Structure formats: C-alpha cells, structure tokens
Amino acid sequence: MTTIAAPRTTGLVSSTLTITRRAALRYLRTPQLIVMATVQMSLFFLIYRYLFSGAIRPLGIPYVDYLAPGFITTGVMFSGIGAAVAMAEDLQQGFVDRLRSLPIPRSSVLSARAIADTAILAVSAALTVAIAFAVGFRLHGSALQGLAAFGLVIVFGFALEWLFVTMGLLAGNAQAAQGLGMIVFPFAFISSAYIPTSTMPSWLQVFANHQPLTYMVDVVRALTLGPHAQQLLGHTTDYFLIRALLWAIGILLISVPLAVARYRRT
Amino acid sequence: MTSTIEAHGIEKRYGKTRALDGLELTAEPGQVVALLGPNGSGKTTFVRAVATLLRLDGGTLRVAGHDVRRDPTAVRQLIGLAGQFAAVEPAMTGRENLEMVARLFGQDRRTARASARSVLERIGLVDDAERLVRSYSGGMRRRLDLGASLVGAPRLLLLDEPTTGLDPGSRIALWDAISALVKDGTDVLLTTQYLDEADQLASQIVIIDHGRTIATGTPAELKRRTGGNVIEVHPRQVDDLAAVATALERLDGGEAQIDGDARRVTVPIAPGEGMMRALRAVQETGVELDDIALRQPTLDEVFLALTGSR
C-alpha cells in the first residue's frame, strides 16, 4: 500500500507562541473588556477603601494596607472566570476542533491558553497595584518583599488559571462556564481578603481560615505589612507561604491532568 | 491507487447510544462525497473521526492509506477541516487568521504570508483581508473558515454542514468556492441535510441513518431509486381527505400520506405523465380544493423510499 507525505509535527514552542498570540490579540483588540474590568475593579476598590474603612477599624493599621493585598489576590481569581468562559467558547465554537485537527502537539493548545491568561492576569494585577498605591496603599516591608509578593500573586494566578481552564473544558459552553465561575464568590468573601476572619461566626471561620485563598492573601499581606504582619496575622510569613504554595501545587496537580484528560477526550 | 477514505465497520458509542454503527464508506481520489442524513444520524461524528478528533470503538478507518488511530499526525498533514461553526478569530483580520493556521501547519513566516494571500484570492476576500473578522457577515466568516482549512494545501477537505444557517446568496457563493476547489483537484467529504446541496456538489452520495450506511450512489442513481416528484393536495373540507387519497392511490404512484392537521394529502407520482393523470384524478372526485402543488421529494421521503425498498 502506498502512503503519502512523511508525518511532520510543527514544533511545540512555535505552535504555542502562535496560539498565545491569538489569545493575547483577542484581549487587546477588545478594549471594552479591559476598560470595563478596570472600571469595575476600581469602583469596588474605592467603595471598600472609602466606605467600609470607617467600619473596619480595630486593626492597628490603615484599612487600605489591609485591603490592598486581599483585593489584588482575589482579583486574579475573578479574572479566572473570563478564562473559563474563553476556554468554553473555543470549545463550543469549534476553534479547539480546528486546532486539534492540525499537525501540532496537542499540549500546545492548553499551554498557550495558560500562558496567555497568566500574562493578561499579570497586567490586570499590575493595574490593581497602581490603583492601590494611588489611593494610599504603602509597603511596610522592603521593596524586594513587595516584588516577591507580586510574584506570588502571579504564581497563584497561574495555578487558579488551570482550575478555571478545567472548568471551562468541563462546562462545554460559555453560559455554563460563567455559572461554574460563580464558585469564586464564597471563596473571595469567606476569606481574609476584605475583613479579618476573626470577625466571622465561628462555624464560618473554620472554612475561612483553611481555604486556599486566605493563605494566599495572607502571605501577600505578610510580605507587604512588614513588621506589623506577625502581630496582626498571628503567624510568620513562612507559615502562610508554605500553605499557600502547597495549595497552589495541589490545585495544579488536580487540574492539569484533569484538563489534559478532558481535552483529549472531547 | 490508494483510496482517499476507506471506512469499514466504523463504530462509535457514547454510553448506550450508538452514534456510528457499522458505517461503510469509500472515497476515491477525484471524488466529492456527500454524506447525507437527518440530524443525529452520525454525520458529524464520522467527519470528526476522519479528522482524528475522536477515538473509534471499532472498524478500520484510513485516510490516503494512513490509519487514523495509529498514525493521526500523518492524517492531520493531509486534511483540512471546516466545521459547523466558523472557527475563526473575530479579533483578528482575515489575513491574520489564515497566516496563523498556515504557521501552525509548520510554514515559515514568508510561506505563510504567501499561502494566505493565495487563499484570500481563491475565496474572494482580498478586499476584506485587512478588516477584523468581527465586522464580517456570516457568509464571509464561513468562506474564511473554508479558507483556513485550505492554507495547508490539504489533499482531503472535510466540510461539516458548510452552508447550514446561511442565506441563499451566501450559500451559492460558498458552493461556487467549493466547486472551484474541486476543479483544482482537492478531494472533498462534506455533510449536508440538503438534497440539492449534495446534488449540486457531489459526485458520490452516501446516505446514512442511525450510524449505518443505507444507500450509496451518484445523485442520478439515487434519484431514480426514489422515484419522481411528490404531489400535495389541500382539499377545502377535512372530510374530503379520504376521497382524494383513494383517488390518488388508484394511480399506483405509491401510498398516500394523510395529514389531518395540515389538511393535506401527499403522494409520490411517476415521472412524465404522472402529474397530468394526478390532476385529472383529483378533478374527477369533484372535491373543492384550496391548493395543489408539485414538489421535489423531501429528505424524509427519500429515506422512506430507500428504507422501504430494502
């Protein structure tokens, strides 16, 4: 039997870059996405900063210094909803089928998604940081610690991103992905992001103190609050760092294989 | 000569549903094969199988001699896929979309630019190449999607319901684009629910239902097997339906279908004199009519005729 053409696969790096570029362009050329998200984010930030700060006093530090790390860290989680929806849309609209029918490594599609979404999330986190500084947020630790905190936010964002990509793949359509994305609300609000968990009813504290977002927020907070941190948070930076990273690794260990398996099976 | 597609006993199950249940299909080089069948008959599943997008539960499937299961990469080098949705990026221009797919086929930047340009000419989108796709009409997006499946210079083009949801004008424009490709020597497997589409484009039609092949042939062969046209009679009074049906059945064209809600009698008629004889028979009943019409058999009627004759 005669066969035609030697099988040749396009390289992983080059195909990943090509698909990443597309995801980035989609975001950059839809300015309303960026503008809307920024306006909404700033609005909420200002509401918390100026309306609630009077009510949330007993901290010993300005509320804005407590709030900013929580707001920036939950921000990367909220932007994950967009990633889930984008993944589901690609699946629903046949874009994933097209890519899978091309002679490219299949892993390039998911890695491109994760890279593009993480890059976008880094930009939006940087924007949030800028707004935070503009309304009075200050670093109490060193600049290096501040940079480390920002780096950690991106790392957590990357891990959460995979979780949302998996959700998008499981949901299969944009509406369902949007619905699944609502799961971020209890995680964002029943955490230490906006208020100390000690103010919550004790049964809620059980969840609030042990869920991943609280650890992630508190390590960022510990790095930006400097000397005030341990007294306010009750633990050392390492305590939160180790737990937050373990959660991030755990999330990746579960969601990456799940995403890959689901992607293969579709 | 190696067949373009060789499918034997193809099976695919989703839970208890048998999406493909022993499907047989052979496509030879130079052929345009239309896969015709109702919704849920397994058309899309089969196209996805040929495109290496799903794992089969049974049977053998070869594209240009390459086994789809054992050597999917070789198959992906040879095919171009355009699905039911226009899988193009709205936030990129037409040219950028094509260049992206060309790059993913492993072409270097310059080659990708050249193949994008030549495809834009073939699908008639040169003037709109620099516009973002989000400003394109539905028909233009479908044409671009077709173009995206062409930049890799595929030997076999897979088109899954390429014109579903398009207005008649865009449909014809897309047909023209596909016909032009066929002239250039691309083999095509397309799925459709429309007989006229298969008739227009295909040299070979494979009719499937419930994941099984129920008929194969050229459009002319299949039409001969399904008989001629269908006459529809709408009497004014519901009570007259039976009388009209009896009169028409006496012509021996076939069994009359009575639809009480639509107040309609439908019956296949023989080619040639059939129409005149039917009109005369209806007139002789003396029944008062609202309407009487002659039309092509629908896909349902073709199925009825084909499955009934087996």
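This dialogue goes through a few features of a predicted model and how each can be read.

Me: Before looking at details, what kind of model is this, and how are residues and chains labelled?

Reply: This is a predicted model, in which local features need pLDDT of at least 70 and side-chain atom pairs count only at pLDDT 80 or more, while totals for chains, interfaces and linings use all residues. Residues are numbered from 1 along each chain as its sequence is written, and chains are lettered from A and ligands numbered from 1 in the order in which they are written.

Me: Where in chain B is confidence lowest, and where is it highest?

Reply: The score to read is pLDDT, the predictor's confidence in each residue, from 0 to 100, and where pLDDT is low, the predicted coordinates should not be read in detail. Chain B averages 86, with 94% of the residues at 70 or above; the lowest mean, 64, belongs to helix α11 (residues 299-308) of chain B, and the highest, 95, to α3(B). Helices here are DSSP runs (H or I, at least four residues), as strands are (E, at least two), numbered from the N terminus. For the complex, the predictor gives an ipTM of 0.82 and a pTM of 0.79.

Me: How many residues of chain B are in contact with chain A, and which element gives the most?

Reply: Two residues are in contact if their C-beta atoms, placed from the backbone, lie within 7 Å. By that rule, 29 residues of chain B touch 26 residues of chain A. The elements of chain B that give two or more residues to this side are α2 (72-78), β6 (79-82) and α3 (94-104), and α2(B) gives the most, with five. The side of chain B comprises 16 nonpolar, nine polar and four charged residues, where Ala, Val, Leu, Ile, Met, Phe, Trp, Tyr, Cys and Pro count as nonpolar, Asp, Glu, Lys and Arg as charged, and the others, Gly among them, as polar.
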